[in-house]
Amino acid sequence: MNTFSEGSCDAVVIGAGHAGCEAALALARTGLKTVMLTLNADSIGFMPCNPSVGGTAKGHLVREIDALGGEMGLNADRCALQYRMLNEGKGAAVQSLRAQVDKNKYHTEMKRVLEHTENLRIVQGEAAEILVENWDDTPARESRERRVVGVRTTYGGIFSCRAVVVATGVYLNAQTVTGEFVVAGGPNGFARATALTQNLIDLGFHVRRFKTGTPARLDGRTVEVGALDIQNGEKTYPFSFLNGDVPDFQTPCYLGWTNEETHKLILDNLSRAPLYNGLISSTGPRYCPSIETKVVRFADKSRHQLFFEPEGADTSEVYVQGLSTSLPHDLQKSMYRTVRGLENCEIVRYAYAIEYDCIDPLDLYPTLEFKGVCGLFTAGQINGTSGYEEAAAQGLMAGLNASLKLRGMPPLVLRRDEAYIGVLIDDLTTKGTEEPYRMMTSRAEYRLSLRQDNADLRLTDYGYRCGLVTEERYAAYTKRAALRELAIKTLNERAPHAAADEAVREHGFPPLSSGVTYADLIRRGLSLGEIRETFGILPDLPKDVALSCETEIRYEGYLKRAEAEAAKARRMEQKPLPPDLDYASIEGLRLEAREKLNRIKPLSLGQAERISGVSPADIAVLMVYLSLKKN
């Protein structure tokens, strides 16, 4: 093949999904000349599955992306149709913001942002090879001599560069499966990428095959919404810390249920279901299963909940969350019509499953850089995750770490006690995943500290020091931090005794024997909202700042305990392990521990401690080894 120069740049981002967009923006906004290579410029920021951003734990990720200077929260707010706060009846630690967004607008707005970003060039084309120098036959996991020097496209164009972020999503050797039909292609009818997988294998990546799926899109004109339960939006706060209130008018969604007729139809036709007749053998997501899997796995349940979500403001298409399937088209239509309200529905886009190539994230450092090639990073679903938010978080961190590396600055690795993003990446690079990984609040041991309301307090300084947070954003952050500090100071002042006594009596508490502060009243069970109304204090405090203050006061004891545990964990993280340490040579380590440690090459004792198969006794051996080496 004839090759030709496409010019030189600092970095190439392969892919323009949610990971690719954040990676490209992180690089370009920090002053690096960046090329974004995409199979189709019409799929930039495309949402191939549900038309929503956020959700349980995912809302935390979006606010953290925003706090660091990323784009997802801002773009979601620009395109939002409805906001809801999930788990609002539970503690602040598990409350998660979710928004229905206009799918097409999300794509067009993200494309507009990218096209108007300085230092960023968008090129439609397929990556065929990541070029490295000092190529040899040494297995990648045993050599750090190789480094990125460019990317070659299938047309022979060569982009010379010093870093690459691979964010190919579900497009690598993708195929969609519907009944007995297997089609070589990506989501929503887009073309797939076929050239890069073998190159990744040659570079030393462990490649495997995952699967995900999506439900049908219905013609909303044929859905009888009167037979469904309405779900209106809520007046809550938006994703971005730069934005104020959410819109007053919000587009409604609807709730429905499958029934025994639905389940019988599925069970009677399992022989035609690719998940059960052997046509699909790849690993699917545990926490977002198809309706076939739910009916089989939860045979005792007579119904499963469905969510009817608008695809956009300018389309009648409706997304049926909870009814993902890969059944044949004829069965799909019959199945959907068993649901109350869908008796006469018409399908615009039929559901399908999609299989794709991805890598084992144990091949990566916590910076998301590949252990075998200097300057090669990966992010998003290629790392074995599922979800837009998980992808965007990785894209931002991979792009930012590539930028820091090229600028000669220390990498940014967020700890588990600092961010959900830290939990996500640590889980991937330390524990790995055998199925599409989904972020959940239960994965975060410090979740009471890692709330949505304080994401900027935790992370904006990092983004500013790395050059990604703008002066405008940092000024807004410092103003908000000052508001919070003033509110805490006010709440620690004495409350008028008579009014405070009356307030606690109304809540059924014993009368006050002495003076109390407003903070004491919160600890006794009064909400900050009640206190603000009763005493006329802090009238203009933003909702998320108020929530942050109230939570800090109400759970002060728990937060102090969590901080003590985090400090203990940090001490372990501060004990580094040499990246080239040969664990097979360390006497006293069990065989499994030697194999796992040599595979993952942890950067600290803390990371080694979290590896599955490494016991406390193994950690004790490593501590003795380090002390002897030090002496």
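Colleague: Which residues in helix 10 do His18, Ala19, Glu22, Ala23, Ala26 and Leu27 in helix 1 meet?

Modeller: This is a predicted model, and in it helix 1 covers residues 18–29 while helix 10 covers residues 388–406. By class, their contact has 10 nonpolar, 4 polar and 1 charged residues. The residues of helix 10 that helix 1 meets are Tyr388, Ala391, Ala392, Gly395, Leu396, Gly399, Leu400, Ala402 and Ser403.

Colleague: How are helix 1 and helix 10 oriented to each other?

Modeller: The axes of helix 1 and helix 10 are 7 Å apart and pack at an angle of about 30°. Helix 1 passes helix 10 in a right-handed crossing. Angles under 35 degrees count as roughly parallel, and the two helices are therefore roughly parallel to each other.

Colleague: How are helix 3 and helix 4 oriented to each other?

Modeller: Helix 3 and helix 4 (residues 103–115) have axes 9 Å apart and pack at an angle of about 130°. Their crossing is right-handed. Roughly perpendicular ends at 115 and roughly antiparallel begins over 145, so the relation of helix 3 to helix 4 is oblique.

Colleague: How many charged residues does the contact of helix 3 with helix 4 have?

Modeller: Helix 3 contributes Met72, Asn75, Ala76, Arg78 and Cys79, and helix 4 contributes Lys105, Tyr106, Glu109, Met110, Arg112 and Val113. Of the residues in this contact, 6 are nonpolar and 1 is polar. The number of charged residues is 4.

Colleague: Which residues are in contact with Ala76, leaving aside its neighbours within four places in sequence?

Modeller: Ala76 belongs to helix 3 (residues 72–79). At 0% relative accessibility, Ala76 counts as buried. With those sequence neighbours left aside, the residues in contact with Ala76 are Val53, Tyr83, Val101, Tyr106 and Phe239.

Colleague: Which residues in helix 9 do Thr262, Leu265 and Ile266 in helix 6 meet?

Modeller: The axes of helix 6 (residues 260–268) and helix 9 (residues 329–336) come within 9 Å and cross at roughly 160°. That angle makes helix 6 roughly antiparallel to helix 9, and the crossing is right-handed. The contact has 4 nonpolar, 2 polar and no charged residues. On the side of helix 9, the residues met are Leu331, Ser334 and Met335.

Colleague: Which residues on the other side of helix 6 are exposed?

Modeller: Thr262, His263, Leu265 and Ile266 are the buried residues of helix 6. Seen down the axis, they fall within an arc of 160°, so they line one face of the helix. These buried residues pack against helix 8 (291–297) and helix 9. On the other side of helix 6, the exposed residues are Glu260, Glu261, Lys264 and Asp268.

Colleague: Why do the buried residues of helix 16 line one face of the helix?

Modeller: The buried residues of helix 16 (residues 528–535) are Leu528, Ile531 and Phe535. An α-helix has 3.6 residues a turn, so residues three or four places apart point the same way. What covers the buried residues of helix 16 includes helix 13 (471–491), helix 14 (497–506), helix 15 (518–523) and helix 17 (543–554). Seen down the axis of helix 16, the buried residues line one face because they fall within an arc of 60°.

Colleague: Which residue with a positive phi follows helix 16?

Modeller: Helix 16 runs over residues 528–535. The residue that follows has a phi near 70°. This residue is Gly536.

Colleague: What is the relative accessible area of Asn87?

Modeller: Asn87 has a positive phi, near 60°, in a residue other than glycine. Asn87 is found in the loop between strand 5 (80–86) and strand 6 (96–101). Asn87 is partly exposed, and its relative accessible area is 25%.

Colleague: Is Leu368 buried or exposed?

Modeller: Leu368 is not a glycine, although its phi is positive at about 75°. Its place is the loop between strand 21 (352–359) and strand 22 (376–378). With a relative accessibility of 0%, Leu368 counts as buried.

Conventions:
Residues numbered from 1 in each chain as written. Predicted model: local features only at pLDDT ≥ 70, side-chain atom pairs only at ≥ 80, totals over all residues. Heavy atoms only, no water. Axes fitted to C-alpha atoms, helices over the stretch in contact; angles between N-to-C directions. Helix = DSSP H or I, 4+ residues; strand = E, 2+ residues; numbered from the N terminus. Parallel < 35°, antiparallel > 145°, perpendicular 65-115°, else oblique. Left-handed = near helix turned anticlockwise from the far one by under 90°. Contact = heavy atoms within 4.5 Å. Nonpolar A, V, L, I, M, F, W, Y, C, P; charged D, E, K, R; others polar. Buried < 20%, exposed > 50% of the residue type's maximum accessible area, 1.4 Å probe, protein only. Arc of directions from axis to C-beta.
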